Amino acid sequence: MARFTFKLPDIGEGISEAEIVAWHVKVGDTVEEDQQLADMMTDKATVEMESPVAGTIVEVAGEEGDQVPIGSMLVVIETDEETAAEAEEEQVAAETPGVEAEGEVEASATTHAQDAEIREEAETLSKPARAEPVEAPSSSSRSVERQEPGFDKLSPNGGEGSGQDRSVLASPAVRKRARDLNIDLADVATDADRVRHGDLDAYLRYNGAQGYHAPHAERAWADETVKVIGMRRRIAENMAASKRNIPHFTYVDEIDVTELEAMRASLNANRGSRPKLTVLPFIIVAICRTLRDFPMLNARYDDEAGVVTRSGSVNMGMATQTDAGLMVPVLRDAQDMNVWQLASEIGRLSEAARSGKAKSEEMQGGTITLTSLGPLGGIATTPVINRPEVAIIGPNKIVERPVFQGDDIVRAKLMNLSISCDHRVVDGYDAASYVQALKKLLETPVLLFAD
């Protein structure tokens, strides 16, 4: 028997290392040729690594979350000498430019159907123990010679109750509250001649710390330790780099989209077999029509070289929430599409991102990004720039409110629009002017289709 060292092949231009996001084998496993070994993530895609030979796994490169340099050992496989020699020759030929070997085996690297996200379950923490009841003060400190009007000595269940509870004086409201909380009034200390709401509050504060829980109250749940790897780690690194390197500023303005929403409803009512229109295609059309006058926003900034590249086409990043985390597929040449084409491409890219089938070229090259939470949009957002871009636009939730039109009050559909910019290359005046240009088109939507 011989040992074959399978090295991580070159899986993309400019890639120097890849992260292990999932192992499908372990030391001691027997594998067949072309069997899946591991999922590796780069800056551009997640790829599956398959075994070039059959044999037994005797060593692996590391744990999930570790980085493996290109050309270094991924796994060591024990196989027969002839197979190991052939695989070694093919691997050397693949690594050496211009050298060909008969039956050359290419390192298999196919786009993964979905990013793996590994979670490690923490041990379940024990729940707080119920505390012993607080010792009740002596009956002499709470009983009185006579019962005052409006107060009673009944037990919490409304009957005569136990002898202990029968001596407690409380109003019907306090008694009902104690009954709902499953508290024996005899356990509640008081400095007055009767138990009051404040005494119940003090009892709850003290016994809550001792493990007391009222019926139906939420209890603590077990802590969970989650390893940040794969797509989540990539998101964390990108977000941290953006906030660390880019001095953000955000500008927000209110836009009346009443006419735009009426136009959208009319177009949807007559769309036939075409995709249903959301507000996003209209916003993208407005963005594309106005960016020509604001080229500093449709750009990428290489801060190390000190160079800003202003793009002549609009490659719109579409921030998309997936099960693996936030992804930003790129809608290319958006300026050449109408609203129906944009709606179709938005749907296609979103589905590809959520299913893990987005191609590597569809995940890079954006010049400006659009992020929207749809109905969850909130009043205003302060979106984080997708570095090395210099601007990101975030439409917020559309709400209906009364507004003044002259002396009249009318119903209007209003939407706040946010834009975050890189203050190193975009001035606040430019951002504000750009949003005003967008506002003009969106509030008079017929201009979106005018030459």
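**Charge pairs, strands and surface**

The side chains of E237 and R234 form a salt bridge, with 3.9 Å from N to O; the term stands for a side-chain nitrogen of Lys or Arg within 4 Å of a carboxyl oxygen of Asp or Glu. This is a predicted model, in which local features need pLDDT of at least 70 and side-chain atom pairs count only at pLDDT 80 or more, while totals for chains, interfaces and linings use all residues. Residues are numbered from 1 along each chain as its sequence is written, and side-chain values use heavy atoms, with hydrogens and water left out.

E237 and R234 are three residues apart in helix α5 (residues 230–245), so about one helical turn separates them. Helices (H or I, at least four residues) and strands (E, at least two) are DSSP runs, numbered from the N terminus. R234 is buried at a relative accessible area of 13%, whereas E237 is partly exposed at 38%. Buried means under 20% relative accessible area, exposed over 50%, and partly exposed in between (1.4 Å probe, protein chains only).

A second salt bridge joins D303 and R387, whose closest N and O atoms are 3.2 Å apart. This pair links distant parts of the chain: D303 lies in the loop between β11 and β12, and R387 in the loop between β17 (368–370) and β18 (391–405), 84 residues apart. Salt bridges with shared partners also join E19, R233, R234 and E237 into one network. K26 pairs with D29 at 3.3 Å between the closest N and O atoms, and K26 is exposed at 54% relative accessibility. The count of salt bridges comes to 18.

Elsewhere, an open sheet of four strands runs in the order β1-β8-β6-β3 with antiparallel pairing. Its edge strands, β1 (2–7) and β3 (30–31), each pair on one side only. Within the sheet, β6 (residues 55–60) and β8 (residues 73–79) pair over four bridges, with I57 opposite I77 in β8.

Overall, the protein has nine helices and 19 strands. Buried residues make up 40% of its 451 residues.

Note on methods
Two strands pair if DSSP finds at least two bridges between them.
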